Amino acid sequence: MSTGTLLAIVIPVAVVVILIAAGLALFARHRSLRERYGPEYERTVEGADSRLAAERELSAREKRHDKLDIKPLPDRLRERYSRDWDNVQHEFVDRPEDAVHDADRLVTSLMQDRGYPTESYDQQLKDLSVEHSRALGHYRAAHEIDTLSESHKATTEQLRNAMVHYRALFDELLSDGGQTRHAPA
């Protein structure tokens with residue numbers, strides 16, 4: 001067989017193998033991100049120009065998160081937060097709007113003590129999504145009700161729901177989310 005004929009066979013086969021490998025790598029990345037982020041994956045895809053752009057955004061979140069100094073709470077601080085949450089829950093009986101605002105402040109304080117930046121709500125969502133994506137729906141719902149209550153437009157039932165939603169994120173942050181993310185090796 002001549003060199004030209006051999007190259008005519010080997011080059012297309014190599015190209016096909018490379019394309020298949022690239023496709024499998026993209027599929028694995030897509031699947032990994034989808035499993036990791038759950039509903040947040042779909043939300044990010046819906047808000048992006050393309051699936052690839054959304055996946056780049058999620059990867060950028062992970063890189064930013066890896067640079068943060070996220071840490072578990074010492075036991076004494078964890079106990080203090082538990083007591084503070086109990087106080088906020090008791091406050092709900094007499095002052096539900098104030099309790100919801102206090103729950104928001106307590107969650108924000110807990111995030112800060114864990115090492116999350118807390119300057120911007122949108123950035124909080126992005127940073128939390130890396131380790132706490134399953135609790136973000138709760139945080140969004142609670143925040144929306146908290147915003148409603150600032151203009152006294154939230155019903156008592158909505159305020160009660162906000163407390164339940166804040167509690168879901170609070171518990172996950174307090175318990176370190178039940179998972180630890182390690183930087184890629």
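This is a predicted model: local features need pLDDT of at least 70, side-chain atom pairs count only at pLDDT 80 or more; totals for chains, interfaces and linings use all residues.

Trainee: How many helices and strands does the protein have?

Mentor: Eight helices and zero strands. Helices (H or I, at least four residues) and strands (E, at least two) are DSSP runs, numbered from the N terminus.

Trainee: What makes the protein more spread out than a compact globule?

Mentor: Its radius of gyration is 23 Å, well over the 16 Å that the globule rule gives for 185 residues, so the protein is more spread out than a compact globule. The radius is taken over C-alpha atoms, and the rule is 2.2 Å times the number of residues to the power 0.38. Along its principal axes, the C-alpha trace spans about 90 × 35 × 25 Å.

Trainee: How do you know what span to expect for α7?

Mentor: The expected span is 1.5 Å times one less than the number of residues. Helix α7 (residues 136-150) has 15 residues and reaches 21 Å from first to last C-alpha, close to the expected 21 Å.

Trainee: Why is Asp127 called buried, and what is Arg64 called?

Mentor: Buried means under 20% relative accessible area, exposed over 50%, and partly exposed in between (1.4 Å probe, protein chains only). Asp127 has 2%, so Asp127 counts as buried; Arg64 has 32%, so Arg64 counts as partly exposed.

Trainee: What makes Asp127 and Arg64 a salt bridge?

Mentor: The term asks for a side-chain nitrogen of Lys or Arg within 4 Å of a carboxyl oxygen of Asp or Glu. Their closest N and O atoms are 2.7 Å apart, and the two form a salt bridge. This pair links helix α6 with helix α3, 63 residues apart.

Trainee: Which residues form the nonpolar surface patch?

Mentor: Met1, Leu6, Ile9, Val10, Val13 and Val17. Patch members need over 30% relative accessible area and no salt bridge, with nonpolar side chains (Val, Leu, Ile, Met, Phe, Trp, Tyr) joined within 5 Å and like charges within 9 Å. Leu6, for one, has 46%.

Notes: Residues are numbered from 1 along each chain as its sequence is written. Side-chain values use heavy atoms; hydrogens and water are left out. Accessible areas come from the Shrake-Rupley method with a 1.4 Å probe; for residues, only the protein chains shown count as cover.
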